[in-house]
Amino acid sequence: MNDIDIEKIQGIANQLRIHSIAATTAAGSGHPTSCCSAADVTAALFFGHMKFDPKNPHYYNNDRFILSKGHAAPLLYAVWAELGLFPATELLKLRQFGNDLEGHPTPRLPFVDVATGSLGQGLSVGVGIALSARLDKLDFKTYVLLGDGEIAEGAVWEAASLAGIYKLNNLVAIVDVNRLGQSQATAFGHHIEVYQKRFEAFGWRTEVIDGHDMDEILEVLAADGLGDQPLVILAKTFKGAGVSFTQDKDAWHGKPMNKEEAAAAYAELEPKAKTGLDVPIPAPTPLPAPDNTAPAGYPPISYKLGDAIATREAYGVALTRIGGADPRIVAMDGDTKNSTYAEKFYKKFPERFTECFIAEQNLVGVATGFGARGKVPFVSTFATFFTRACDQIRVAGISQANIKLVGSHVGVSIGEDGPSQMALEDIAMMRAIVGSTVLYPSDAVSTEKLLEQMAQHKGLCFLRTSRPKTPVIYGNDEQFPIGGAKVVRQNAGDKVTVVAAGVTLFEALKAADTLKAEGIGITVIDAYSIKPLGKDVIKAAAKTTGNTVITVEDHYLEGGLGDAVAGELSVDGVKVHKLAVNGLPRSGKAEELLAHFGIDAAAIVKKVKSLG
Ligand SMILES: Cc1ncc(C[n+]2csc(CCOP(=O)(O)OP(=O)(O)O)c2C)c(N)n1
Ligand SMILES: [Mg+2]
C-alpha cells in the first residue's frame, strides 16, 4: 500500500474529531476527549490499513475492529459515517432514544460485533474472533482498541495470556496510552515501558509509537501479522489531542464541550480536516465462506430406562453427538474438561475445542467472540465459576450473543468438595441476564434433547448439570421444548403439586412413593426449563391441587426455581412453599447434605404432610 496519502488520513482523523465533538455536544453527554486521543490510530486503521467491504460490515472475511474502550463510541460512529454507511447528520442523534447510535456500541449496529463499554472485555472477544478465523481458514485480522486505564482490568491479562499461548498473529491490540483515566492519571502515566514489559511477558510482540504520528502508525500497522506472536501497538497519545484547550488536560473525561467550546475546537480542527468518503478501501481476500449452516436435525439417541448416568456426563456425550452433525458447534472449557465431560468433544474434534485454562472471564469472552462469527460455542466449567464472569455474561446478554454456558457440579449434592465448589447462586444469576434461557435437566435423555434445543435456539443459554448419577426416566423420543415442563407423576385427588428439577426431581419421586403408601397422592413436575418457565403446565397442575405448590431445589433460597415459580404464578393465586438450601453449606455426603438442608425425600414428605 505505497499510495497512501498520509496527509489525507491525518485530515480524516481531524474530521473524526470534529464529528465526535459535534455529536457529544449535541447529545449533551459523552466522551469527546477519549475519541480525540484515538482518532489518528483509528483513522489509520480504517482508511489506511484494514481490508473490508464498507457496504457489508458483516462480510465474513472483513477485518474486524473491536472498540474495547467503548466510551469512545462517537469515534467509531464517525468512522462509519465517513465510510458512507449513513449520513453524517445522523451522528447528531447520538444517545437519543430510538437511535442505534447509543452511548456505548451495541450490535444493534451492523458494524458492531459485541457490546463494549464495560471495560476490559474487548480483548477476550478479539481472541475468540481471531481463533475463529484460524478455524475457518480466513485471513482477516482482528484489531482491538483499548484504553490505558482499561488495561488495569485482570480480564485483559487473561486474554493477553491466551493470545500469547496460541500465538495469535492475526490479532492486534492497540493501547491508547493517553496517560489519563476517568478521575485521575493512570498508575503508569506515559511510562510505556511498564506496559511493554507486561505484554512481552505474555508472549506478545510490542511496538511503541507516537500515536499522533501518522507515518509511524502506518509503518507499524504495515508490519502486523509478522512472526508467530500477537502484536500490541502501544500508542503514546494525549487525551483531547488536536484541541489546544483539552489536550493532555485533566478533568475533561466524560465531558462534552458546550457550544462555544465546540466552535473554538472546530476553528482549530477544520483547516486540517479532510473527508474519508472518497477513500478506496481495499477489498478482503475472496476466500471460501465458512459453513455455518444449522443442520435439519441430529442423530438419534438410544438410552435404556433406568440407565444411571450423570447429566454432566450426558452433556459430553450429547455435545459430541450433535457436534458431529452441526459444523457451527465449537467448545471451550477452563481446565475442567475431564469433570464437565467436555473432554469427550475435545477428543473427537480437537480443532474445534479451545482450552482456555483457569480464566473464566476470558473463557466467556472468547465464546462471545466465536458466537459473533456464526459459531455456536458451548462453554463449560463448574457452574459456580461462571459467577466470576458475571459481567462478561451480562454484557453477552446485551450483545444478544449466541453462546451456550454449561455449568456442572451444582448444589450441595456435589458433597465432599465443600461449599467453594457448589453452585448455589447460579440460577439466580443466570435468570437475571437479559434474554437468557435457563435449563436444568434431570436425566441423560433430557440433557441430550435440551442440548439440541440450545444449539438451535439463538441467544444466551445456560444448562445446569449435576454430579451424581441419576437414572434415565424418559424415553428416547420424548421432546423437551424450551419453556416446557413435564408432569412426571399425577393422579386424581393429588394433595399438592411438587415442582422439582435435577437431583431433587428424584427426591420428589421417592417422596411420592412414600406418600402413596400412606394414601397421599402428589403431582410431580420436572421444571427442566426454568427461564422461560413451563408455567402453563405448572399452573394447570396446581389448579387440580388446591393451587398449592411445593418447590424443591438444590440452590439457595434466593432467586432460584422457587422464586421463578412464585414470581410467575402469584398472579394466578398459586401458593408456593419453597424448599431450598438456606444457610452455609459444608462438606459431607450428598445424601447427608440434601437431608440437612431439607431438600430430600423425607423433607418433601414432611412438608406435604404439614400442609392442612
Ligand atoms: C469495568 C468498568 N469500570 C469502570 C468504568 C467507568 N469508566 C468509563 S471510562 C473510564 C476511564 C477509562 O480510562 P481509559 O481506559 O484510560 O480510557 P480513555 O478515556 O483515557 O481513553 C472509566 C473508569 C467502566 N466503563 N467499566
Ligand atoms: Mg486513558
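Colleague: Why are H4 and H5 called roughly parallel to each other?

Modeller: In this predicted model, the axes of H4 (residues 122-135) and H5 (residues 154-165) come within 8 Å and cross at roughly 25°, the axes being lines fitted to C-alpha atoms, for helices over the stretch in contact, with angles running from 0 to 180 degrees between N-to-C directions. Angles under 35 degrees count as roughly parallel, and H4 and H5 are therefore roughly parallel to each other.

Colleague: What makes the contact of H4 with H5 nonpolar, polar or charged by class?

Modeller: Leu123, Ser124 and Val127 in H4 meet Ala155, Val156, Ala159, Ala160, Leu162 and Ala163 in H5, where contact means heavy atoms within 4.5 Å. Ala, Val, Leu, Ile, Met, Phe, Trp, Tyr, Cys and Pro count as nonpolar, Asp, Glu, Lys and Arg as charged, and the others, Gly among them, as polar, so the contact of H4 with H5 has 8 nonpolar, 1 polar and no charged residues.

Colleague: Which residues line the largest cavity?

Modeller: The largest cavity is lined by Phe46, Met50, Phe52, Pro57, Asn62, Asp63, Arg64, Phe65, Leu76, Trp80, Phe111 and Asp113, lining residues being those with an atom within 4 Å of a point on a 1 Å grid where a 1.4 Å probe fits but cannot get out. Strand S1 (64-67) and helix H3 (73-82) are the elements that give two or more residues to this lining, which by class has 8 nonpolar, 1 polar and 3 charged residues.

Colleague: How are residues numbered, and which confidence limits apply?

Modeller: Residues are numbered from 1 along each chain as its sequence is written. Local features need pLDDT of at least 70, and side-chain atom pairs count only at pLDDT 80 or more, whereas totals for chains, interfaces and linings use all residues.

Conventions: Chains lettered and ligands numbered in written order. Heavy atoms only, no water. Helix = DSSP H or I, 4+ residues; strand = E, 2+ residues; numbered from the N terminus. Parallel < 35°, antiparallel > 145°, perpendicular 65-115°, else oblique. 1 Å grid on protein atoms, 1.4 Å probe; cavity = no way out; pocket = protein on both sides within 12 Å on 5 of 7 lines; lining within 4 Å.
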